[in-house]
Amino acid sequence: MRFRIEKRNEKSKKMQILIPLYSLLISAILGGFVLILSNANPIDTYIAIFKGAFGSDTKIQYTLVKMIPLLMCGLAVGIAFRLRFWNIGAEGQYVMGVIGITWVMQFWTWLPGVLLLPVGLLMAIIFGGFWGGIPGALKAQWRVDETLTTLMMNYIAIGIAEFLYISAWKAPKNNMGTVTFPEIAWIDRFWGKVHYGIFIVLILVVVLYYILYKTRWGFELNMIGKNSEAARCQGVSIKRNIIIAMIVSGGIAGLAGGIDSAAVTHSLTKGVNSGYGFTGIIVAWMSGLNPFISIIVALFLAALHTGSDALQITMRLPSAMGEVLQGLILLPLLAGSIFIDHRIIFTRAKRDK
Amino acid sequence: MNTFELITKLLAATLAMGTGLTYATLGEVFAEKSGILNLGLEGTMLIGALSGFAMAFHTGSLVLGIIFAMFAGGFFSLMHAFLTITLRSNQVVTGLAITMFGTGLANFLGKRVGPVSNNLNLVGVNLSSKFENIQIPALHKIPIIGAFFDVSILTYLLYLLLPLSWFFMYKTKYGLTLRSVGEAPRTAAAMGINVNKTRYFYTVIGGFFAGVGGAALSLSFIPSWNDSMTGGIGWIAIALVIFSAWNPGRVAIGTLIFGGITSLQFFLQASGFKMVIPVQFLAIAPYFITILTLIFMTIRSLNRQGSFASPSALGTPFAIDEK
């Protein structure tokens with residue numbers, strides 16, 4: 001039996017729904033093999049992950065708190081991906097956001113207390129937007145490859161953050177880390193650990209959905225992503241859109257950093273490069289760049305994280321199992337994506353001509 | 001310590017650290033030359049580091065460790081090749097997925113394949129031997145240059161592999177095939193070259209190198225296993241590929257500069273030397289230099305209208321019947 005891969009005339013809606021479901025199943029099976037090989041019962045392990053993520057009020061709260069930055073980074077990356085601009089720098093843009101808010105909290109003390117948080121969050125957006133804007137401008141102006149620049153800029157941002165919390169901005173008493181933000185500028189919690197940031201991110205989902213699907217700008221972004229030549233002929237400025245999209249993308253990633261540090265860590269310290277930016281790429285990819293579906297995906301991945309952390313105690317398994325599963329989900333999904341706009345046609349082996 | 005001794009020591013540290021880095025970079029040059037960007041390098045190296053160490057620990061044979069690491073790395077790159085070449089998935093996202101999966105799997109298995117006496121944990125166990133430095137009589141006593149003749153067998157092997165790779169790529173028929181597949185796949189296909197088969201081949205070769213590079217860390221440089229022990233060397237290798245303009249001949253220069261910066265950083269930290277430049281700025285220097293190099297190379301190619309140093313078809317899948 002031979003086969004060939006043929007392009008479909010239009011994207012298959014059925015496949016867009018089926019493939020993520022199959023991927024989930026395949027990854028659960030493959031992950032099961034890894035677990036069996038390491039002498040653990042897969043079913044028990046999956047139940048333990050679920051319980052670790054949703055088993056009690058506190059656990060649900062942890063999962064929701066993790067979901068907030070993940071979802072925001074997913075949304076951020078998704079905007080750039082729409083243009084086929086491969087922004088893999090959300091991690092660095094997130095870190096810059098944390099640096100931005102910390103700067104305000106530490107040195108803008110002349111501000112009235114109530115203004116600290118809004119100004120701080122604004123600075124997080126500006127810092128993140130700036131960090132995203134640079135690769136955008138480089139791409140627009142000189143066509144410098146964005147994959148490589150955004151990737152490299154992650155590590156530059158992390159390096160700057162380390163320099164700040166280890167030496168320049170280190171609190172006198174601490175080993176590392178800045179002084180805690182003034183309490184008046186914290187984002188309040190309303191249910192256990194869950195803070196008001198969750199409403200900011202949900203509003204953002206709605207706003208982005210409206211912008212991306214209902215406005216002219218969203219339409220332009222889509223057009224550039226699908227066929228940049230056609231967009232150019234229609235008079236759409238590709239250069240300008242790339243730069244704007246990257247500033248917005250970086251700004252949202254920066255805001256994610258600002259919110260998480262104002263609500264959870266309350267300082268700039270070790271662990272600021274928590275991987276939310278990288279996981280955000282999975283969120284964007286799995287959701288097919290749709291903001292509403294991103295909520296489900298981000299919640300799922302956040303649950304996988306908190307659930308796996310619990311494995312160490314309940315199952316005596318290394319918590320790295322979460323990373324294994326996360327990678328395993330993405331691989332069949334990527335493998336399956338071809339079937340959205342292609343089909344496989346099986347043909348009999350060629351006979352003599 | 002006089003200046004000569006200091007520089008010699010620094011160079012020795014650079015060579016020890018840079019060996020794994022160079023293997024990975026060289027492998028990635030092969031893959032990218034054929035048009036496949038493999039961002040899974042960091043995860044592939046870590047898998048190599050783990051499988052090499054586990055094998056060497058259980059069999060007591062370093063050579064078996066290196067060979068096993070090589071095939072483990074090759075297998076991970078084969079996954080990347082299958083997804084990106086046969087199934088035409090996005091190379092950037094696939095590479096990141098491979099890195100996430102590889103990192104997770106290596107860290108997970110590192111706590112499951114160790115000796116029973118250590119709770120199945122490989123962290124904290126020691127090898128009975130490691131790849132020791134071999135001194136070449138007389139030569140190793142020359143100031144500064146002597147450091148090049150007091151390294152492990154893995155480094156000596158690079159002295160052969162680097163020039164050979166350059167020769168292979170620019171002076172042989174196979175090298176021409178490799179470059180044409182990355183530069184102009186359509187033309188190459190018209191000439192009767194099997195584009196996808198060639199890309200498969202060199203992506204897997206890249207994985208072999210990455211696996212060995214990882215094992216060079218766990219069996220020679222650090223000789224132990226630790227969670228995420230590659231610590232970003234895979235990403236520096238990606239940067240180094242750009243810095244060396246996709247030319248194996250220039251990889252060594254990049255290793256000496258990038259590896260030198262990194263070992264200088266450790267060196268200064270260890271000696272407690274008061275520095276004008278903060279250590280963290282040394283750590284980001286390779287990435288900063290890479291971005292500047294990339295901008296410079298891109299602008300130069302725009303102005304001259306000539307071809308850019310990077311393979312033109314890098315990152316794009318190839319299908320004969322589609323545009």
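Predicted model: local features only at pLDDT ≥ 70, side-chain atom pairs only at ≥ 80, totals over all residues.
Reader: Where does Arg4(A) lie, and why is Arg4(A) called exposed?

Author: Arg4(A) sits in strand β1 of chain A (helices are DSSP runs of H or I with at least four residues, strands runs of E with at least two, numbered from the N terminus).

Reader: Which residues does Arg4(A) contact, leaving aside its neighbours within four places in sequence?

Author: They are Ile345(A) and Thr347(A) (a contact needs C-beta atoms, placed from the backbone, within 7 Å). Arg143(A), by comparison, is 139 residues from Arg4(A) in sequence and 35 Å away in space, C-alpha to C-alpha.

Reader: How confident is the predictor, and where in chain A is confidence lowest and highest?

Author: On pLDDT, the predictor's confidence in each residue from 0 to 100, strand β1 (residues 2-7) of chain A is lowest with a mean of 72, and helix α4 (residues 90-107) of chain A is highest at 95. Chain A averages 88, with 98% of the residues scoring at least 70; for chain B the mean is 87 and 95% reach 70 or more. The model has ipTM 0.86 and pTM 0.90.

Reader: How do you know that the length of α4(A) agrees with a helix?

Author: The expected span is 1.5 Å times one less than the number of residues. For the 18 residues of α4(A) that gives 26 Å, and its end C-alpha atoms are 26 Å apart, so the two agree. The helix is also mostly covered, with 15 of its 18 residues buried.

Reader: Why is Val264(A) called partly exposed?

Author: Val264(A) has 17 other C-beta atoms within 10 Å, so it falls in the partly exposed class. Its place is helix α10 (residues 238-265) of chain A.

Reader: Which residues touch the most other members of the largest nonpolar core?

Author: Among them are Met72(A), Cys73(A) and Ala76(A), in a core of 205 residues (a set of buried Ala, Val, Leu, Ile, Met, Phe, Trp, Tyr and Cys residues joined through C-beta atoms within 7 Å). Helix α3 (residues 57-82) of chain A gives the most to this core, 15 residues. Beyond four places in sequence, Ala76(A) touches residues including Ala90(A), Ile252(A) and Gly280(A).

Reader: What makes the radius of gyration of chain B agree with a compact globule?

Author: The rule, over C-alpha atoms, is 2.2 Å times the number of residues to the power 0.38. With 323 residues this comes near 20 Å, and chain B has 20 Å, so it agrees. Of those residues, 51% count as buried, and chain B has eleven helices and two strands.

Reader: How many residues does each chain bring to the contact between them, and which element of chain B gives the most?

Author: Chain B brings 37 residues and chain A 38. On the side of chain B that touches chain A, α11(B) gives the most, with 13 residues.

Conventions: Residues numbered from 1 in each chain as written. Chains lettered and ligands numbered in written order. Contact = placed C-beta atoms within 7 Å. Buried ≥ 20, exposed ≤ 12 C-beta atoms within 10 Å, placed from the backbone.
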